[in-house]
Amino acid sequence: MADPYQNNVYHQGGGDRYGTYGEGGGHDGYGYQTDYPPQEEDAASDATEGHDEEDQMYEGEYQGIPHPDEVKAAQRAARTKSHTAGTAGSDLAELSEQYEDIMEDCGHGRFQWTLFIVLGLALMADGVECFVVAFVLPSAEKDLCLSNGEKGMLGLMVFLSMMVGAFLWGGLADKLGRRRCLIVALAINCIFAFLSSFAQGYGFFLFFRLLSGIGIGGTVPIVYSYFSEFLQMDKRGEHLSWLCMFWMIGGIYASFTAWGIIPRYGWGFSMGTEFQFHSWRVFVLVAALPAISSLVGLTFMPESPRFLLENAKHDEAWMILKQVHDTNWRAKGKPEKVFTVTHIKAPKTAEDEFIEIQAATGTAVQRWAVRSLTLSKLVLRNVASLLSAELRMATLFMAIIWFCMAFSYYGLSVWFPDMIKHLQNEEYASKVKVFHRERVENFHFNFSLENQIHKEGDYIRDKFINIEMKSVKFEDSLFEDCHFEDIKSTDTVFENCTIRSTVFYNTDLWEEKFIDCKMENTTFEHNKHGCHLDTSEENDVLIYLVSFLGSLAVLPGNIISALFMEKIGRVKIIGGSMLISAGCTFFLFLSFSQSAIIALQCLFCGVSVAAWNGIEVVTVELYPASKRYNTFLKQPC
């Protein structure tokens, strides 16, 4: 049997700037096989027996409704006419028209839905990453002895590293491949997320989360553009909006698992006093599961054929497009439908010349250095092209829009829990109990003290044993011949007190908790050391609930934007969503109750996500394929 690809050859003319795959006629974009081998009159394919399509009457023909195939043919003819009418069409514009026709023939089916799930898991991992640090901080600060400044730096570094990752992977994806860069980025995220769960010090934990953020930062710039290159134009807006739902699922997953794991402080183990593995570390491991799942799925997915065509890899691109075509039509019960593309035109690239020169230069180390330098120059040149004359204004406007959307969304996302916490603290402070000039002698305190202020009290020969002190303050008080043992405290201080002949045994009452106090014959024995042994306020379920509701509220906005993106239009979706979001922000500053803030948060998240989806679709469609990844650098997450 002859090789079916035997006739696939390349033609490179002197003045022709294209590499042509295959032979055959056809219009300027690609060829179709129209001359089939002659068959006998009674011969028929087993797959099509009893299904003579020419004898079937189209159902809408009586009503004057054109057949869908006729609509596609008319659209294709219009694109071809528009291209031939132009006097100087660009190479990439011609490739775009050719590629769109091929994707229409491939159809939309099982292949796209499989890729949808795999890339959705990667986007879900990005959504989880935005919540991980916020959820683990209340518990991690006990294990890592974090100050307020260190906690703020940790939250800052997460978004900063994701921004660096977006810049790095966005540029490399245009030169090394979409799938390849996404796999490496997710692998980096998984490895360093795993290591961060075991880090016992603040420095190592910050370092590992920084590298993990650089890895996950590449998902958003790559995922949307990668998926869009397997979609037809008339389905792009809808299915990219559906893909955005996975970011919401990531938020729900993070909130649900955090609520189910972190408050179970007993979930973990310890090895002496140096190594502690508590429940928040288990949550960090569980949070990496979406990235791991996406990484496994990507190993079965092909590279973007659009990227391969733009890099003159015609054979690989043709095989992948045939795979997409056959997968979709077999799933639809039409295995007899043949992939009729015989040749594809694509611009030649000058980068192959660099690679050939580098391959014969010096030692292996020198060749690696030359390749790295050349790749860096190409990436920077590609990024700088966003400021070219034809793209400068589009880049400026998109940068402003992305910045404003990210600033408002993430700013308010951080503000919502803090504001609720502030209202809770105000309510808690309003219930404080104040005791003036109480005198307690020979009393055994065997019950916890909470939310109390004791002023000018006298405590003589009293025992405080195996109790908790939470938000307790002693002012201008006297402690004489007292005994403190096995004390756990939170927000407890002694201010301007006199402490005489008193013993503190196995407590966490350190020197910084005694402010301007006078110590006379006082001893501290076997004080508890290590922040992880200090108790703090229990994880507030309301914080997890707020994040869960905010993520769940995104669902209606995703559905509406997906269903109406093509009908209403991108600009109207963006404008209307931004207007409603601005109204929500105004009323937020007039609200002083937890229920009102939660309700407005849900409305804000549900409406603003429609604007996000519209901007993401516009960004994909506004730029050439070779520039799409760089344009997503404005999105921090």
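**Note on the predicted model: salt bridges, a surface patch and confidence**

1. At 26% relative accessibility, Glu520 counts as partly exposed; buried means under 20% relative accessible area, exposed over 50%, and partly exposed in between (1.4 Å probe, protein chains only). The side chain of Glu520 meets that of Lys518 in a salt bridge (3.3 Å, N to O). A salt bridge here is a side-chain nitrogen of Lys or Arg within 4 Å of a carboxyl oxygen of Asp or Glu. By this rule the count comes to 14 salt bridges.

2. This is a predicted model, in which local features need pLDDT of at least 70 and side-chain atom pairs count only at pLDDT 80 or more, while totals for chains, interfaces and linings use all residues. Residues are numbered from 1 along each chain as its sequence is written, and side-chain values use heavy atoms, with hydrogens and water left out.

3. Salt bridges that share partners join Arg439, Glu441, Asp458 and Arg461 into one network. Arg439 pairs with Glu441 at 2.6 Å, N to O, and with Asp458 at 3.5 Å between the closest N and O atoms. Arg439 lies in strand β8 (residues 439–441) and Asp458 in strand β11 (residues 458–460), so this pair ties together parts that are 19 residues apart in sequence. Helices (H or I, at least four residues) and strands (E, at least two) are DSSP runs, numbered from the N terminus.

4. How exposed are the members of these pairs? Arg439 counts as exposed at 53% relative accessibility. Glu441 is partly exposed at 36%, and Asp458 is partly exposed at 26%.

5. Ile559, Ile560, Leu563, Phe564 and Ile568 make a nonpolar surface patch of about 410 Å². Patches are made of residues with over 30% relative accessible area and no salt bridge: like charges are joined within 9 Å, nonpolar side chains (Val, Leu, Ile, Met, Phe, Trp, Tyr) within 5 Å. Phe564 is found in helix α17 (residues 554–568) and is partly exposed at 36% relative accessibility.

6. Arg281, in helix α9 (residues 279–287), counts as buried at 0% relative accessibility. Arg281 and Val136 are 145 residues apart in sequence and 8.1 Å apart in space, C-alpha to C-alpha.

7. The mean pLDDT (the predictor's confidence in each residue, from 0 to 100) of the protein is 76, and 76% of its residues reach 70 or more. Over residues 82–89 the pLDDT is below 50, and this stretch has three contacts (heavy atoms within 4.5 Å) beyond near neighbours in sequence. Where pLDDT is low, the predicted coordinates should not be read in detail.

How values were computed:
Accessible areas come from the Shrake-Rupley method with a 1.4 Å probe; for residues, only the protein chains shown count as cover.
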